Amino acid sequence: MKGVVSIAGILAIVKAVAGFGATCAKDHSASYITHLKDSLSVDIEALIPSACIKNCVSHLPLISASAQSEVRDQETTLKKTKKKKGGKHGTGKKPRKKREKGDTSDLRVAIVADFGLGKHPSKVLKMISDWGAELTLMTGDYDYVDSPDAFLDMIDSEVGADFPFIGVVGNHDILEWYGRGGYRDRFLERLGKIEDISCYGEYGANMICTWKGMVFALSGVGSLGQNHAQFIDLSLENYKSTPWKICGWHKNQKAYQTGDKENETGYEVYETCRKHGAIIATSHEHSYERTHLMSHFEQQKVVDTNNTLNIKPGETFAFVSGLGGESIRKWFKNSQKNPWWAASVAQDNKANYGALLCTFNKHNVQQLAHCKFKDIDGKKWDDFWIHSDPLNPSKTFTADNFKPQVDLIEVGIKKPQDVVSLNQITGETKCGSHSLFLANSTRNSFIHTLRYEIPKSAFSHERGDVIRSARLQVMGSHSKSWVVGAGGKKDSFLSEVIAIRIGSLPQSSMVDFDSGEFCSSATAPAAAIVQQEHESMDFIAARHNTKQKNSVLAMGNEFIEWSDEGEGWEAGEVWVSPDITQVVLNGMDLQGRVMIVVDGSSSLDSEIRSVYGVHDGEMGMCVSPTLVLEVEKGVRFF
């Protein structure tokens, strides 16, 4: 069997993967953006709860200091904090500063993510508390077992229930982000305990917060939600004169981490934050690295290599702070040697767990900050200064300077009928399945078809658009026996899936979907395995016949084999496929519709692995497989 190769002559300038949410009913970013457009001249802090117009989540109104008393006050029933090794605030080496009203000097902010549970994250939290952090920005991946309770119990035990933090959604947090008792719900409760904070938007996905004169633009880009760059841009427009603006999200672009991650956010959010002179905080890769001052992220342009970074509109820096305690990873293919890195800390140079610790308005100088990356052994791995000049844009500051060359397009499943599963052994056909099984044995052999419609506004052959990359993004489903949180234990799902194959159905099969043939009957027909010659390709086809049906689901002999998943095909984790550009182009019709075919090669029924189709619980189509494209507009090859 042969695999498809990339289109000859087309170089992948940028490859990226978006987050889930293209058809997620829980995404309400459009409502917030509409209001931001209408109120661009209004200070965010002056907005009132009625700003949360139609389609807002009922228990997430406008989050502001004045509205916090109206948010559920369940925290009053929190269990008493356990006192361990120094009690509520760790060893108390430097307790949080007691401030007079209006005092914003020497603001201590820690930034860290990728925690896990156990002794390592506990030590990181304790180090942060001992340092006297007044706010901690957590950029996702909290406990790795989908248990908000377990994570918050760890915080309460080690540093106290009043430990001040704000967070964003990470790829390991998606399943339990929404819903009563989910991460968002529980983190929102904690927000009301932070002094002088005021936030607007959807917590952890599209949210802007102000705290003691600082601004935090927090995004779920690459993990959950939509319209991230637009929300960041419109929000930060309200704070042009504010020296300290920080953009925070979980995932990153391949060039801006030193591990083996692919491009998972697109450059639009990076360049949007650079436009506003905002510092960029990410995680996802379990290491620490920081860039020099950058004047363009997509083009990898370094301004200078000074240890004092002079940020301004058009010039800023980015960093990864992912050593919160889960693991420490190695550098990948000498990526730490890329010339834009000012510092890089990983397993290779004997890193330990730690956090970036920054003091803003240092010595009461409002535009000066000092940062250091410190580990739990007390070692400093990075030490630098920042000067902010928000009203002095860079010399290259132009509108075009912030437009990425390649657009990131996320195409989601529109309806459950666009997910069709066939067991080629039993002949059972099902639409909108909760789990898409990857088994291929004598008892069960599944094949799944996913239909997507790519809008012409996003991609058009006639316009000369070029698909630079295409990837399928899916989430590994939990086993039926696993209980959320599971006492801090991961799902036993971690054993390996041998491979996943991805192909496309011929355009002629589109009529079967249009007519609803695959989903028109609740009774599955008997199946017969046949060989069929179609368009010079041999198809092993599962043909099922009824009185008025003659439909074919098949995997052709041209497909991509996806066999290397660095994190072990983990349950509750987002899996990102190799580039499937040719598969998409082969199957796309003139209306931009394409049907992706997926099957697996797990041969043991006792180890059947699956990914989520249409979640039958809280998440619905929020975690359905997503097709993500990188499209360069109007490029023609002659």
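These legends describe close-up views of a predicted model.

**View 1. Confidence along the protein chain.** The chain averages a pLDDT of 78. A share of 74% of the residues scores at least 70. Over residues 1–18, the pLDDT is below 50. This stretch has 65 contacts in the model beyond near neighbours in sequence. Residues 521–551 also have a pLDDT below 50. Beyond near neighbours in sequence, residues 521–551 have 73 contacts in the model. Where pLDDT is low, the predicted coordinates should not be read in detail.

**View 2. Helix α3, residues 148–159.** The helix has 12 residues. From first C-alpha to last, α3 reaches 16 Å, close to the 16 Å expected at 1.5 Å a residue. Just after α3 comes G160, with a positive phi of about 100 degrees.

**View 3. The cover over α3.** Helix α3 is mostly covered, with nine of its 12 residues buried. Among them are P148, F151, L152 and I155. D156 and E158 are buried too. The cover includes two helices, α2 (119–131) and α4 (183–191). It also includes the strands β3 (135–138) and β4 (165–167).

**View 4. An open sheet of four strands.** The order is β19-β33-β24-β30, and the pairing is antiparallel. β19 (407–411) and β30 (574–576) stand at the edges. Each has a single partner strand, so one side of each is left without a neighbour in the sheet. From one strand to the next, the twist averages 25 degrees.

**View 5. Where β19 meets β33.** Strand β33 covers residues 626–632. Five bridges join β19 to β33, and the two run antiparallel. D407 stands opposite V631 in β33. Strands of a sheet pair through backbone hydrogen bonds.

How values were computed. Residues numbered from 1 in each chain as written. Predicted model: local features only at pLDDT ≥ 70, side-chain atom pairs only at ≥ 80, totals over all residues. Heavy atoms only, no water. Expected span 1.5 Å × (residues − 1). Buried < 20%, exposed > 50% of the residue type's maximum accessible area, 1.4 Å probe, protein only. Contact = heavy atoms within 4.5 Å. pLDDT = per-residue confidence, 0-100. Pairing = 2+ DSSP bridges. Axes fitted to C-alpha atoms, helices over the stretch in contact; angles between N-to-C directions.
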